[in-house]
Amino acid sequence: MKLILSNVSGIPIYEQIKRQVKAAILSGELKEEEALPSLRTLAKDLKISVLTVTRAYTELEQEGFVRNVQGRGCFVLGSSSELMREQLIRKVEASLAEAIKAARIANLSREELQQLFDLLLEVNTDD
Amino acid sequence: MTDYLEVKNLSKSFGRFRLCDISFTLPKGYIMGLIGPNGSGKTTTIKLILNMLARDSGEIRILGLDNIADEQKAKAALGVVFDTNYFSEDWQVAQVEQAISVFYPGWDSKRFAGLLQTFQIAPARKVKELSKGMQMKLMLACAFSYDAKLLILDEPTSGLDPVSRDELLQILSEYIEDGEHSVLFSTHITADLERAADYITYLSYGELFFSGSKDEFVDLFRIVKGGTEELSADLRAKAVRVRTFPTGFEALVKTEDTGAFSALSIEPATIDEILVFTSRKGEDYA
């Protein structure tokens, strides 16, 4: 997994770590049961505070992406886990809400929107 | 969580200077930056911890040991790096080992030799022939050779070039990696702390301004910027300090107060900016 931290993005470092770990899990790059880099080693390698990495890992655990095993490290939970599924559903909801908002601005009717949705669903069945 | 350093209600006054009721704790396994403008009491605090100055009141514990009652034991666990080297200038590096090692039963000669090699310090060189960065590494090599659990550094990066400063930070993050060592680090080059420090203790003219996690500290404030006409009375009242100039203004505002100014440009503040805007000397800055 690659982690690239920006000092100028204005996004807190822990948030950047979280986002990139999440993206790696959701894309399948990080597999179920795979260990995240050791907290203290990662802090040393990235030259950042141990507390910053701790916060990122703790929040990832709270959000159901990883499991913290005392003394052993942090492990990726499978995308089948209930919490992960919830996360994904929430992501779908947010994107759909975004689409509906755009549709309202564009004055699309409910039927037109549904047609568009069905069409895209068909086009994307291969993925 | 074990605390490696506990300072409780520490006070000391001499001459016109007063260090007033300072309390902070550094847990095992972390780096704490001690910051503040010159004359804020950073070095005084460190000297009080080392019992080089006698405190007026308060309590200091190093790995749970009282720094005066258990001084010997406490100091066996302590490593110190000052901005100027404390070895005799005419000693060879090998003589430094001879002189220092006798004080520490746990001295590991092999480790010292290994560290000299890593830091590329020749044992035959005289202390005065070493550059400032090298002298600092020699002090670190000594502290690591008796496995000091707590390392205290007073302005270690002042007078160092960026390469040596980076090396030092690398050495310190390796030092705490196993979670068994802690570092207290006074500096006014806050860029060194921006990323690597876990905790910040900020002294301002003898008083404790803040002690806690660095992320929390940086998150306390935001920088609000705008044109001169956008500087409302409300903003002036809420700002910690405002700096105005012909084309606009910059203000340090508590994060919780920024809600009302969302139309303006709001940026995260750096440790430096917080220091400049919150220090009393900054008065002429406004």
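**A walk through the two chains**

Tutor: Happy to! The secondary structure of chain A comes to five helices and two strands. Keep in mind that this is a predicted model.

Student: In what pattern does chain A run along the sequence?

Tutor: Chain A reads α-α-α-β-β-α-α along the sequence.

Student: What radius of gyration does chain A have?

Tutor: Chain A has 18 Å, whereas a compact globule of 127 residues would be near 14 Å. Along the principal axes, the C-alpha atoms of chain A fill a box of roughly 55 × 35 × 25 Å.

Student: Which domains does the assignment give for chain A?

Tutor: The domain assignment gives domain 1 (13–76) and domain 2 (82–123). The C-alpha centres of domain 1 and domain 2 of chain A lie 30 Å apart.

Student: Let's zoom in on helices. At what angle do α2 and α3 of chain A cross?

Tutor: Helix α2 (residues 39–46) and helix α3 (residues 50–62) of chain A cross at roughly 125°, with axes that come within 8 Å. The helices α2(A) and α3(A) are therefore oblique to each other.

Student: Is the crossing of α2(A) and α3(A) left-handed or right-handed?

Tutor: The crossing of α2(A) and α3(A) is right-handed.

Student: And which residues of α2(A) and α3(A) meet?

Tutor: From α2(A) there are A:L39, A:R40, A:L42 and A:A43, and they meet A:V50, A:V53, A:T54 and A:Y57 in α3(A). By class, this contact of α2(A) with α3(A) has six nonpolar residues, one polar and one charged.

Student: Okay, new topic. How many residues of chain B are in contact with chain A?

Tutor: There are 15 residues of chain B in contact with twelve residues of chain A. On the chain B side, α6 (162–175), α7 (191–196), α8 (214–219) and β14 (265–268) each supply at least two residues. The largest share, three residues, comes from α6(B).

Student: What classes of residue are on the side of chain B that touches chain A?

Tutor: That side of chain B has seven charged, five nonpolar and three polar residues.

Student: Last one: which domains does the assignment give for chain B?

Tutor: Chain B is assigned domain 1 (3–216) and domain 2 (220–285). Taken over C-alpha atoms, 34 Å separate the centres of domain 1 and domain 2 of chain B. Nine residues of domain 1 of chain B are in contact with nine residues of domain 2 of chain B. On the domain 1 side of that contact, five residues are nonpolar, two polar and two charged.

Key
Residues numbered from 1 in each chain as written. Chains lettered and ligands numbered in written order. Predicted model: local features only at pLDDT ≥ 70, side-chain atom pairs only at ≥ 80, totals over all residues. Axes fitted to C-alpha atoms, helices over the stretch in contact; angles between N-to-C directions. Helix = DSSP H or I, 4+ residues; strand = E, 2+ residues; numbered from the N terminus. Parallel < 35°, antiparallel > 145°, perpendicular 65-115°, else oblique. Left-handed = near helix turned anticlockwise from the far one by under 90°. Contact = placed C-beta atoms within 7 Å. Nonpolar A, V, L, I, M, F, W, Y, C, P; charged D, E, K, R; others polar. Domains from an automatic or database assignment. Rg over C-alpha atoms; globule rule 2.2 N^0.38 Å.
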